[in-house]
Amino acid sequence: MKTNPSNLSRRTFLANSAKAGLTVGLLGAGIPDLFGKESLPAFATGFTQQPLPYGYAALEPHIDARTMEIHYTKHAAAYASNLRDAAKEEGVDTTQPLEQVLASISKYSTKMRNNGGGHYNHELFWSILAPPSAEGLSGSPDGSLLKALKASFGSYEAFVAQFETAAKTRFGSGWAWLLIDASGKLVVSSTPNQDNPLMDLAEVKGTPILGLDVWEHAYYLHYQNRRPDYVAAFWKLVNWNAVAARFAATTT
Ligand code: MN
């Protein structure tokens, strides 16, 4: 039987999330794959599009199935495909983590910048979302991530307000980010187009652990011009377990 992501039960979804968490702790340095070759370290991004960890309708009603399908199979798939073209044209080794290329993106073409960023950003975005009713996921962060948010922003609510402002005031297309800067502090920023904080030319640099796509293609079918409503709904879909795992992997 063909496995369709939308057939995955909630239990399977959470079991997979738990396994991913375990993998981070035990095998953070790299996971030998079936061919005996070291695969990418945990949370490193490759040059190919990974399967969506839930069905297109899983994020309803906050993100509709049609938007998810077009977003994943057309927009995000095109970034991945164009990235591989750019890598071929510019002689880039596609077995290295994409993060290494992004860190010196100013040395590459605009095609590499737009599609490398586009691919990385979407892979991160899918990974930090979860169905709104998923059991075992709380609607807000806890533990050391919550502590760090409080230390950086004063409160969780103050962080949310700052992130929403970044998402709503980004003019045109772009992203809002929660990132860890070089000093280990949590910071909110936004970037234009498909740029991100990993890029050497980013205004605010660091490792993103949460990102929100505010391109119109991410919300227009359902929300039209109401970007603030989409931004508010985003919080109902954040997989805080995944964000906490990225936080832990970056800070420990
Ligand atoms: Mn997008």
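View 1. The manganese ion is held by the protein donors H71 (NE2), H122 (NE2), D213 (OD) and H217 (NE2), which lie 1.9 to 2.1 Å from it; donors here are N, O and S atoms within 2.8 Å of the metal (3.2 Å for Na, K and Ca), and since water is not among the atoms, sites may look incomplete. This is a predicted model, in which local features need pLDDT of at least 70 and side-chain atom pairs count only at pLDDT 80 or more, while totals for chains, interfaces and linings use all residues. Residues are numbered from 1 along each chain as its sequence is written, and side-chain values use heavy atoms, with hydrogens and water left out. Along the sequence, the donor residues follow the spacing H-x50-H-x90-D-x3-H. D213 is buried, at a relative accessible area of 0%, and H217 is buried as well, at 18%, where buried means under 20% relative accessible area, exposed over 50% and partly exposed in between (1.4 Å probe, protein chains only).

**View 2. The overall chain.** The chain has 9 helices and 3 strands, taken as DSSP runs (helices H or I, at least four residues; strands E, at least two) and numbered from the N terminus. Read along the sequence, these elements give the pattern α-α-α-α-α-α-β-β-β-α-α-α. Of the 252 residues in the chain, 45% are buried.

**View 3. The packing of helices α2 and α4.** Helix α2 (residues 65-89) packs against helix α4 (residues 110-127) at an angle of about 140°, with the axes 8 Å apart; axes are lines fitted to C-alpha atoms, for helices over the stretch in contact, and angles run from 0 to 180 degrees between N-to-C directions. The two helices are therefore oblique to each other, given that angles under 35 degrees count as roughly parallel, over 145 as roughly antiparallel, 65 to 115 as roughly perpendicular and the rest as oblique. The residues of this contact divide into 12 nonpolar, 8 polar and 3 charged, with Ala, Val, Leu, Ile, Met, Phe, Trp, Tyr, Cys and Pro counted as nonpolar, Asp, Glu, Lys and Arg as charged, and the others, Gly among them, as polar. Helix α2 also contains Y79, which is buried at a relative accessible area of 11%. The C-alpha atoms of Y79 and Y120, 41 residues apart along the chain, are separated by 9.0 Å.

**View 4. The three-stranded sheet.** An open sheet of 3 strands runs in the order β2-β1-β3 with antiparallel pairing, two strands being paired if DSSP finds at least two bridges between them. Strands β2 (186-192) and β3 (207-213) form the edges, each pairing on one side only, and the twist averages 25° from one strand to the next. Strand β1 (residues 174-180) pairs with β3 in the antiparallel sense over 6 bridges; among the bridge partners in β3, T207 is that of I180 and D213 is that of W175. Because 6 of its 7 residues are buried, β3 is largely enclosed by the rest of the structure.

**View 5. Y156 in helix α6.** Y156 lies in helix α6 (residues 156-169) and counts as buried, at 15% relative accessibility. The C-alpha atoms of Y156 and P141 are separated by 8.3 Å, although these residues are 15 residues apart along the chain.
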